[in-house]
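Reader: Could you take me on a close look at one part of this model, please? I would enjoy a connected walk through it.

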Amino acid sequence: ALVCAADKAVRVFTIADGTPVTELEGHIYGVTGCYHTSDSKYIISASIDKTVRLWDGAEFSQKDDLNSHSERITCLDINPEGTMVTTGSLDQTVRTWDVAAGSQVRKYQGHTEKVHDVKFTLDGLHVLSGGEDGLLFKWGVASGMADAIFRHHEAEEEGKRRVVSNIVAATETEFVSIDRRTEIFIGKIAD
């Protein structure tokens with residue numbers, strides 16, 4: 001099990017009894033997300049220090065340091081196969097990374113304000129991103145293009161924000177998102 005927090009560390013625990021295994025240190029500011037790949041070969045962490053770090057899942061040593069965002073990274077998700085990672089940032093972009101190669105694959109641009117959450121669909125073919133602008137984008141991982149823009153969380157009245165704060169779930173056909181007012185929206189993402 002992994003735990004990450006504002007104190008800059010990623011902590012690894014055994015699932016059976018919660019015994020601490022190790023602490024991964026390298027980020028210089030708080031960690032905003034962390035995942036194991038499905039094969040446990042890698043641990044991935046993201047931070048407000050603008051980096052994504054890849055760690056060896058067995059040796060617990062840092063393998064790579066990916067930094068392409070120009071502002072703090074706010075969110076992180078990993079595809080179901082554990083081969084790609086997606087990040088969102090205050091720089092209004094969403095990026096995907098190839099885990100094994102340690103390189104950026106795509107940069108998605110469309111948000112006009114900071115990105116609060118990203119989520120791969122269960123089939124791994126799309127990334128959803130939601131942000132301060134109230135928009136939820138459906139990005140094609142292969143194409144790098146916005147396949148759809150959902151405006152369900154946009155302001156109803158001038159000057160009132162409806163920020164997409166969390167994308168709770170994303171299947172191949174539907175998503176669930178929540179705005180800051182805790183209003184839930186269930187949307188269809190399939191054609």
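How many bridges join strand 1 to strand 2, and in which sense do the two run?

Author: Happy to! Please keep in mind that this is a predicted model. Strand 1 and strand 2 (residues 10-13) are joined by three bridges and run antiparallel. To see the pairing at the level of residues, look at valine 3: its bridge partner in strand 2 is arginine 11.

These strands belong to an open sheet of three strands, ordered 1-2-3 and paired antiparallel. Strand 1 (2-4) and strand 3 (20-24) are the edge strands, each pairing on one side only. On average, neighbouring strands of this sheet are turned by 20° against each other, with direction ignored.

Strand 4 and strand 5 form a hairpin with five residues between them, and serine 40 in the turn has a positive phi of about 60°.

The whole structure holds three aromatic pairs. In one of them, phenylalanine 137 and tryptophan 139 are stacked, at 4.8 Å centre to centre and with 5° between the planes. Phenylalanine 137 counts as buried because its relative accessibility is 4%, under the 20% cut-off. Tryptophan 139, at 2% relative accessibility, counts as buried too. Ring pairs also bring in Tyr108, linking Tyr108, Phe137 and Trp139 into a cluster.

Terms used
Residues are numbered from 1 along each chain as its sequence is written. This is a predicted model: local features need pLDDT of at least 70, side-chain atom pairs count only at pLDDT 80 or more; totals for chains, interfaces and linings use all residues. Side-chain values use heavy atoms; hydrogens and water are left out. Rings of Phe, Tyr and Trp (its six-membered ring) pair if their centres lie within 6.5 Å; planes under 30 degrees apart count as stacked, over 60 as edge-to-face and the rest as tilted. Buried means under 20% relative accessible area, exposed over 50%, partly exposed in between (1.4 Å probe, protein chains only). Two strands pair if DSSP finds at least two bridges between them. Helices (H or I, at least four residues) and strands (E, at least two) are DSSP runs, numbered from the N terminus. Axes are lines fitted to C-alpha atoms, for helices over the stretch in contact, and angles run from 0 to 180 degrees between N-to-C directions.
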